[in-house]
Amino acid sequence: MIKSFIRRWIPEPVLNAYHYVLARLASVVYGQPSKQLTVIGVTGTNGKSSTTQFIGRILEHAGEKVGWTTTVGFKVGEREWTNDQKMTMLGRFQSQRLLREMVKAGCRYAIVETSSQGIVQHRNVGIDYTFGVFTNLTPEHIESHGGFENYKNAKRTLFAQVAKNHGTAIVNLMDPHAKDFLTFPFQSTWGFTDKQALCDVQHVVRADSVTFTSQGTTFEIESVPFHLKPIGRFNFENVLAAITTCRALGLSLEKICDAVTTLEFIPGRLESIEEGQPFTVIVDYAPEPIALAATYEALALIPHKRLIHVLGSTGGGRDVSRRAILGKMAAAHADVMIVTNEDPYDDDPMQIINHIADAGITAGKIENETLFRILDRQEAVNQAIAMANKEDLVLLTGKGSEPVMAVAHGKKIIWDDRSAARRAIRERTYG
């Protein structure tokens, strides 16, 4: 209620000043902890959480103590816990407290998933980033930012901050927007690619002989052979970003290679649910079209007969236009699509479902045969599991490992797609 009042009645310039001062105050209150850490900011549309954790795991394997903050969870030294806040970047005081805890725990590195919305609200202020990692950029959160250029420029703010601190930029040279993140006077620039670079940097990490299979991805960097267990091109690009970051931090390629072999799937990112069922169940985040396309591409590596897809879309002012796109994509790729509730916030959840489902019908799906509208998400998961035959693949997207669902009036209810899938599998009798 208080937040809604502030947003509605306080002028935007005053609100911006309030956020900025609050961020500076939080940093001072906690003794400017980021000055005692090497802070790596990871931004982009997709892959931020995975890239952040891959960087952290590689550094840990090399003997370093790290902390991180991501959409998925938090880490301070040996302690890890789930992010149940429905926020990629925590509030200013929460963020600074976490950084202070990292210092107390003896961490050398802090890896901070840095969102455009967090930057707009100055949650990045008071954090001394010295490394900036750019994963990719696609149209997302456009309505909340007032256009794609505003969205891009919000993310570029992180790199302006890194340059001001005489830091290092690490960019995805395969992304057409990479050059826009290299326009600042950095101390050094690094890029990663597996094809022709789209712009120039001082150091290039190039992957060759890339092969994608259902058992993982193999590739070479400077004739050093790598094997990554998490499947799909998007995981490959995320780990390539992590490899490049760790090279920029001074780790040897051989040490990084050893670490990459040990990397596992990130929770809720193409996570397989195994309860002895004779079909495959995968939980993935993929909340928007580009991420969902990458998920479909990865699933093509897994042998299966039918694809049964449970999906929804978020409310709360997020891009309404994505709903019809998701519906058309699911209609094109899934044999059966079950449209359900996701994170409605204060929006009408049935209206969101209908936006997606109507697009699916237009694209050729048949109501109550190959398309179902089920408001209750557990019932939707139950339906998918009940329909699955041997060698089918059930895909649940939109929530990943999130432990809550955001509903009306600012409330959060306990929810976990992985637990829902396990409940449905256990309750089904196989004969």
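Predicted model: local features only at pLDDT ≥ 70, side-chain atom pairs only at ≥ 80, totals over all residues.
A residue is called buried when its relative accessible area is under 20%.

**Stop 1: helix H8**

Select residues 233-248, which form helix H8. H8 has 16 residues, and 14 of these 16 are buried, so the helix is mostly covered by the cut-off of under 20%. From its first C-alpha to its last, H8 reaches 22 Å, close to the 22 Å expected at 1.5 Å a residue. Just after H8, click on Gly250: this glycine takes a positive phi of about 105 degrees.

**Stop 2: Thr244, inside H8**

Stay in helix H8 and select Thr244. Is Thr244 buried or exposed? Its relative accessibility is 0%, so Thr244 counts as buried. Now show what Thr244 touches, leaving out residues up to four places away in sequence: Ile170, Trp190, Gly191, Phe192 and Val205. Thr244 and Val103 are 141 residues apart in sequence, and their C-alpha atoms are 25 Å apart in space.

**Stop 3: where H8 meets H9**

H8 passes H9 in a right-handed crossing. Which residues make the contact? From H8 they are Val239, Ile243, Cys246 and Arg247, and from H9 they are Leu253, Ile256 and Val260. Sorted by class, this contact has 6 nonpolar residues, no polar ones and 1 charged residue.

**Stop 4: Phe134 in strand E6**

Move to strand E6, residues 129-134, and select Phe134. Phe134 has 0% relative accessibility, so this residue counts as buried. Set aside its neighbours within four places in sequence, and Phe134 is in contact with Thr43, Phe159, Ile170, Val171, Asn172, Asp175, His177, Ala178, Phe181 and Phe192. Pick out Ile170 from that group: Phe134 and Ile170 are 36 residues apart in sequence, but 6.3 Å apart in space from C-alpha to C-alpha. Ile170 and Phe192 were also among the residues touched by Thr244.

**Stop 5: helix H12**

Select residues 349-362, helix H12. This helix has 14 residues and reaches 20 Å from its first C-alpha to its last, close to the 20 Å expected at 1.5 Å a residue. Colour its buried residues, Ile352, Ile353, Ile356, Ala357, Ala359 and Gly360.

**Stop 6**

Asn368 is exposed, with a relative accessible area of 54%.

Finish at Gln32, in the loop between helix H2 (12-29) and strand E1 (38-43). Gln32 is not a glycine either, yet has a positive phi of about 45 degrees. With a relative accessible area of 36%, Gln32 is partly exposed.

Terms used:
Residues numbered from 1 in each chain as written. Heavy atoms only, no water. Axes fitted to C-alpha atoms, helices over the stretch in contact; angles between N-to-C directions. Helix = DSSP H or I, 4+ residues; strand = E, 2+ residues; numbered from the N terminus. Left-handed = near helix turned anticlockwise from the far one by under 90°. Contact = heavy atoms within 4.5 Å. Nonpolar A, V, L, I, M, F, W, Y, C, P; charged D, E, K, R; others polar. Expected span 1.5 Å × (residues − 1). Buried < 20%, exposed > 50% of the residue type's maximum accessible area, 1.4 Å probe, protein only.
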